[in-house]
Amino acid sequence: MSRRLKGTLSREFFFISIILFIVEFVRGAYLITFLPNYAVERLGFSLAIVGIAVSAHYLTDTVVKTAIGYLLDRFSARFVVQIGLLLSLIGLFVMQYVHQPAVLIFTAAIYGIGASPVWLVSLGFVKQENRAQQMGYLYTGWLIGLGTGPVVINFFIDYSYIVAFWFMVGLWIVGILLSFGMKSGKKTSISMIPLKQQLGQLTNRLKSMGIFIPGMILQTMAAGMLVPILPSFATKYLGLSHTQYSYVLIAGEPVLYWDWYQWGNCLICMKKSGFW
């Protein structure tokens, strides 16, 4: 690591950034690609059950984030991350060998609870003097992990579901081992804001975004509806192998990243022009 990077990235920030990448890589690989194929082809579940399980995962991930600050006030960031990763690992194992739809949904929710602390803990290690640069590292790791996970895992699925599963488990265990590189002290820069103040800030942000909110909600909803359907549709109705489906995803990802880039530039320009 260069001197410039050493001055920008602390040891804890470096480890939590790699952990964030692993978490998003495995989560994208499992929920977007592996689970929709495995649950339908091997377990005989319907796509509706898969969709509910994926929704339960992200719902619990979002809800639990409201309590993470409380935990970080009482325990070290390393402890919270390790417990979360272990909980998610248990959820992964149970989802792999489950034969009941209700249990699949429940364990998907447990998986979401365990993965929830990583993003907030990552933000806690961002230093104010290097905020823009460090946030750039976090978002880059998050996007690369989320984008490459569903693509890479398809190459393993074509070989064997078991190999693909243990590849994801192995990566998750690497993330747990990396968490030992974090300090055990309760030193994060996360500040506690009263709930009333948070709601006020949220309301102001929503008002400032104005007409963009409906479009963003509908776009995200459409993408979420496609997540459990596309893998099975591509393999069952289009006759593509999992590897070929990965090539399709690879072709589409530059367009997706460019779309996010353009949206960001659009919002920044409107902000500078005083539109909102």
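Reader: Which residues do ring pairs link into a cluster?
Author: In this predicted model, the cluster joined by ring pairs consists of Tyr 30, Phe 34, Tyr 38, Phe 93, Tyr 97, Tyr 111, Tyr 161, Phe 165, Trp 166 and Trp 172. The count of aromatic pairs comes to 19 by the rule used here.

Reader: What makes Tyr 139 and Trp 142 an aromatic pair, and of which kind?
Author: Their rings are 6.0 Å apart from centre to centre, with 75° between the planes. Rings pair if their centres lie within 6.5 Å, and planes over 60 degrees apart count as edge-to-face, so this pair is edge-to-face. Both residues belong to helix H7 (residues 131–159), where they stand three residues apart, about one turn of the helix.

Reader: How do you know whether Tyr 139 and Trp 142 are buried, exposed or in between?
Author: Buried means under 20% relative accessible area and exposed means over 50%, with partly exposed in between. Tyr 139 has a relative accessibility of 40%, so Tyr 139 is called partly exposed, and Trp 142, with 28%, is therefore partly exposed as well.

Reader: Why is the pair of Phe 165 and Trp 166 given the name it has?
Author: The centres of the two rings lie 5.6 Å apart and their planes make an angle of 75°. Since this angle is over 60 degrees, the pair is called edge-to-face.

Reader: How are Phe 165 and Trp 166 classed, as buried or exposed or in between?
Author: Phe 165 has 1% relative accessibility, which is under 20%, so Phe 165 counts as buried.

Reader: How do you know whether Ser 116 is buried or exposed, and where is Ser 116 placed?
Author: Ser 116 has a relative accessible area of 0%, and because this is under 20%, Ser 116 is called buried. Its place is in the loop between helix H5 (101–115) and helix H6 (117–124). Apart from neighbours within four places in sequence, Ser 116 is in contact with Asp 61, Val 64, Lys 65 and Ile 68.

Reader: What makes up the nonpolar patch on the surface?
Author: Tyr 70, Leu 71, Phe 75, Phe 79, Ile 83 and Leu 86 form this patch, and together they have about 540 Å² of accessible area. The elements that give two or more residues to the patch are helix H3 (47–74) and helix H4 (77–97), and H4 gives the most, with three residues.

Reader: Which residues touch the most other members of the largest nonpolar core?
Author: Among its 53 residues, Phe 34, Leu 35, Trp 172 and Met 182 touch the most other members. The elements giving two or more residues to this core are helix H2 (11–41), H3, H4, H5, H6, H7 and helix H8 (161–178), and H2 gives the most, with 16 residues. If residues up to four places away in sequence are left out, Leu 35 touches Tyr 30, Val 40, Val 50, Ala 53, Val 54 and Leu 104.

Reader: How many helices and strands does the protein have?
Author: The protein has 12 helices and zero strands, and buried residues make up 40% of its 276 residues.

Definitions and conventions: Residues are numbered from 1 along each chain as its sequence is written. This is a predicted model: local features need pLDDT of at least 70, side-chain atom pairs count only at pLDDT 80 or more; totals for chains, interfaces and linings use all residues. Side-chain values use heavy atoms; hydrogens and water are left out. Patches are made of residues with over 30% relative accessible area and no salt bridge: like charges are joined within 9 Å, nonpolar side chains (Val, Leu, Ile, Met, Phe, Trp, Tyr) within 5 Å. Accessible areas come from the Shrake-Rupley method with a 1.4 Å probe; for residues, only the protein chains shown count as cover. A salt bridge is a side-chain nitrogen of Lys or Arg within 4 Å of a carboxyl oxygen of Asp or Glu. Helices (H or I, at least four residues) and strands (E, at least two) are DSSP runs, numbered from the N terminus. Rings of Phe, Tyr and Trp (its six-membered ring) pair if their centres lie within 6.5 Å; planes under 30 degrees apart count as stacked, over 60 as edge-to-face and the rest as tilted. Buried means under 20% relative accessible area, exposed over 50%, partly exposed in between (1.4 Å probe, protein chains only). Contact means heavy atoms within 4.5 Å. A nonpolar core is a set of buried Ala, Val, Leu, Ile, Met, Phe, Trp, Tyr and Cys residues joined through side-chain atoms within 4.5 Å.
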